[in-house]
Amino acid sequence: MKTSDYTTNTLEKALEYGVDNFLNKGCNCCESVYEALLRSGTVPEGSVPYETCKICAGFGGGAGLSGNNCGALSGAIMAVGAKNGREDPRNDKPLGLYEKEYHRYNLMVDEFKKKMDSVFCSEIAKEYLGDWNNPDRRQNCVRAVKAAIEIACKYINILGDEITKMPWGYNVHEGK
């Protein structure tokens with residue numbers, strides 16, 4: 001099987017799992033994305049235990065329904081970090097963290113914002129605030145789940161040296 005076939009097949013499985021998780025399994029947006037990326041093999045087996053899905057519980061609704069950063073985006077960033085993050089942040093030297101890994105996550109956030117017009121749950125779901133159980137809101141959140149999965153699949157395997165050649169999105173460190 002060619003790499004492109006594997007990637008396409010993995011993406012299709014992750015999208016299927018993510019949507020099913022959100023619409024049928026009772027998972028929040030963060031759980032839906034993170035679990036789908038683990039189960040589909042997007043995150044290489046053995047990178048993190050499956051039980052780490054429980055860390056996603058509080059991120060739905062932009063972290064405890066606070067409307068902050070979209071949980072779907074948070075799940076995607078955590079999944080990509082499961083593959084690319086430092087094994088031991090206390091002892092692994094931060095060499096390249098800013099240039100490579102922050103750059104990777106910056107691009108993920110930038111692309112998600114372009115697809116969803118915001119990274120904030122309160123803005124993505126603004127039409128449905130006060131009517132959280134609205135079926136249209138759920139479909140809108142499915143768009144965020146799909147966008148997050150697509151972005152995670154795009155950025156998870158890009159090598160750090162390739163990432164550094166890509167232009168940054170908005171970056172508070174650079175002020176632009």
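How much accessible surface does the protein chain have, and what share of that surface belongs to carbon and sulfur atoms? The accessible surface comes to about 10,000 Å², of which 52% belongs to carbon and sulfur atoms, with areas taken from the Shrake-Rupley method and a 1.4 Å probe, and, for residues, with only the protein chains shown counting as cover.

Before selecting anything, note that this is a predicted model, in which local features need pLDDT of at least 70 and side-chain atom pairs count only at pLDDT 80 or more, while totals for chains, interfaces and linings use all residues. Residues are numbered from 1 along each chain as its sequence is written, and side-chain values use heavy atoms, with hydrogens and water left out.

**The whole chain**

Of the 176 residues, 44% are buried, where buried means under 20% relative accessible area, exposed over 50%, and partly exposed in between, with a 1.4 Å probe and protein chains only. Among contacts (heavy atoms within 4.5 Å) between residues at least 6 apart in sequence, 70% join residues at least 24 apart.

**The nonpolar core**

Next select Val33, Leu37, Ala72, Met108, Phe112 and Ile149, which touch the most other members of the largest nonpolar core, a set of 43 residues; such a core consists of buried Ala, Val, Leu, Ile, Met, Phe, Trp, Tyr and Cys residues joined through side-chain atoms within 4.5 Å. At least two residues of this core come from each of α1 (3-24), α2 (29-39), α3 (71-84), α4 (97-116) and α6 (135-155), and α6 gives the most, with 11 residues. Centre the view on Phe112 and, leaving aside neighbours within four places in sequence, look for its contacts, among them Cys70, Leu73, Val119, Ile124, Ala144 and Ile151.

**Helix α2 and the residues after it**

Move to α2, where 9 of the 11 residues are buried, so this helix is largely enclosed by the rest of the structure; the buried residues include Tyr34 and Glu35. Ser40, in the loop between α2 and α3, is buried with a relative accessible area of 4%, and the side chain of Ser40 reaches the backbone oxygen of Leu37 at 3.4 Å. Not counting residues up to four places away in sequence, Ser40 touches Thr10, Lys13, Ala14 and Tyr17. Just after α2, Gly41 takes a positive phi of about 90°.

Which cysteine sulfur is closest to that of Cys121? Select Cys141: the two sulfurs are 6.0 Å apart, too far for a bond, since a disulfide is a pair of cysteine sulfur atoms within 2.5 Å, and the count of disulfides comes to 0. Cys121 is buried at 9% relative accessibility, and Cys141 is buried at 10%.

Finish at Tyr128, in the loop between α5 (121-124) and α6, which is buried with a relative accessible area of 14%. Leaving aside neighbours within four places in sequence, Tyr128 is in contact with Asn134, Asp136, Arg137 and Asn140. Draw a C-alpha to C-alpha distance from Tyr128 to Arg138, and these residues, 10 apart in sequence, are 9.4 Å apart in space.

How values were computed: Helix = DSSP H or I, 4+ residues; strand = E, 2+ residues; numbered from the N terminus. Polar contact = N/O pair within 3.5 Å; in protein donor to acceptor, adjacent residues only side chain to side chain.
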